Amino acid sequence: MTQRRVWTNAIAVTGLNGTQGERLDIAVEGGRIVATGSGLARAGDCVIGCENCLITPAFVDCHTHLVHGGDRAREFEMRLNGASYEDIVRAGGGIASSMRSTRALDTDGLVQETLPRLDALLAEGTSTVEIKSGYGLDVETELKMLRAARKLETLRPVRIRTSWLAAHAMPPGYGGSKADYISNIAIAGLDAAYREGLVDAVDAFCETIAFSVEEIEPLFAHAKALGLPVRLHTGQLTHSGGALLAARYGALSADHLEHADARDAAALKAAGTVPVLLPGAFYMLRETQLPPVQILRDAGLKIALATDCNPGTSPLSSLLLTMNMAAVLFRMTVQECFEGVTVNAARALGLEHVTGRIAPGYSADFAIWRAQNVAQLVNRAGINPLHSRVFKGIITHG
């Protein structure tokens, strides 16, 4: 039986009280929070003093493409020098470049390439990371990506949730139609991933450059038949109708949403779908169409934030910087940014009763910061004030 641990003398922001800190003790047994309050330490407890530091729920990154081979820094340089996306694609870049690099690695190779990105997130107090497939674009490589994602959980103290994203793009040179690809790769591969226990949710990219609502619908219907929740990339570049598709299937989340409107927001609210905004991609692509934050607020939606960590459009592995970008670029409040990477991000993964809050019954996942308030976490860019990270009651950093 593990020893009961009590963290004391902390300024706690629990995820239940906005961003206002209160002095709390936090008692943990068996990896779960068993009590919060004052004077909780008792004889035989292991008592950890927090030195008047800020303590918050550990962060949740609810949208990443963390597992992939290679990088696309050369394309970034090309864009800075005036190359268009079409120029980059003609030169063999874009998603085709990531596909080739990812296909070239075995599972262990993908794990080794991914670990530095994962370690960067953990070093900033992240407990839970969603990881998508989507750079293989054939059945075996998509499965290999999710095998690598699952293996990460055995190598680091982290909670991983996986998403099957074979419906990300058409592979170059594919001989059939998009409908053929959905049937023969996305759906057939999903069945294999499901049998192997590799998939927690099913995702797709609903855009004119990817797949339409009609093309994605059979995939989502199949996911529903398997009992798997769905998520959707949509509204990043155009108003594709994907938000209504996500709502119709009760999606866990709809992500990007720069082109969403009030009808979309109302449908997402009625479905209980979480809007996930991705300021890293907005920043890297120098987008000008801001996501409709006020429309989402007016609909009563609670917004999640994520890094969208990927090799091309958001090579970002910092939720601290994600919060800062959301505040500066999207004019989100400190409370919205903080809840976006804790309670709301947990909801976007269906983990709202597991992590993202400091409360009895929740996993003991929290971060202790050399700070006095949450605004200091959102305001500073390029500084990591983490004092220590706790995952399932075990101190893993600090």
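**Briefing: an open parallel sheet and a polar-lined cavity**

By class, the lining of the second largest pocket comprises seven nonpolar, five polar and three charged residues. Here Ala, Val, Leu, Ile, Met, Phe, Trp, Tyr, Cys and Pro count as nonpolar, Asp, Glu, Lys and Arg as charged, and the others, Gly among them, as polar. The model is predicted: local features need pLDDT of at least 70, side-chain atom pairs count only at pLDDT 80 or more, and totals for chains, interfaces and linings use all residues. Residues are numbered from 1 along each chain as its sequence is written, and side-chain values use heavy atoms, with hydrogens and water left out.

**The sheet**

- Strands β9 (residues 201-206) and β10 (residues 231-234) run parallel and are joined by two bridges, where pairing requires at least two bridges found by DSSP.
- Cys206 stands opposite Thr234 in β10.
- In β10, Arg231 and His233 on one side and Leu232 and Thr234 on the other are all buried, that is, under 20% relative accessible area (1.4 Å probe, protein chains only).

**Pocket and cavity**

- The second largest pocket has a volume of about 160 Å³, and of its 15 lining residues Asp71, Arg72, Asn310, Pro311 and Pro315 are the closest to its centre.
- On a 1 Å grid, a pocket is an open set of points with protein on both sides within 12 Å along at least five of seven lines, a cavity is a set where a 1.4 Å probe fits but cannot get out, and lining residues have an atom within 4 Å of a point.
- The largest cavity has a volume of about 40 Å³, and its lining includes Thr234 and His239.
- The lining of this largest cavity has three nonpolar, eight polar and one charged residues.

Key. Helices (H or I, at least four residues) and strands (E, at least two) are DSSP runs, numbered from the N terminus. Grid points are joined across faces, edges and corners, and a volume is the space filled by probe spheres set on the points. Buried means under 20% relative accessible area, exposed over 50%, partly exposed in between (1.4 Å probe, protein chains only).
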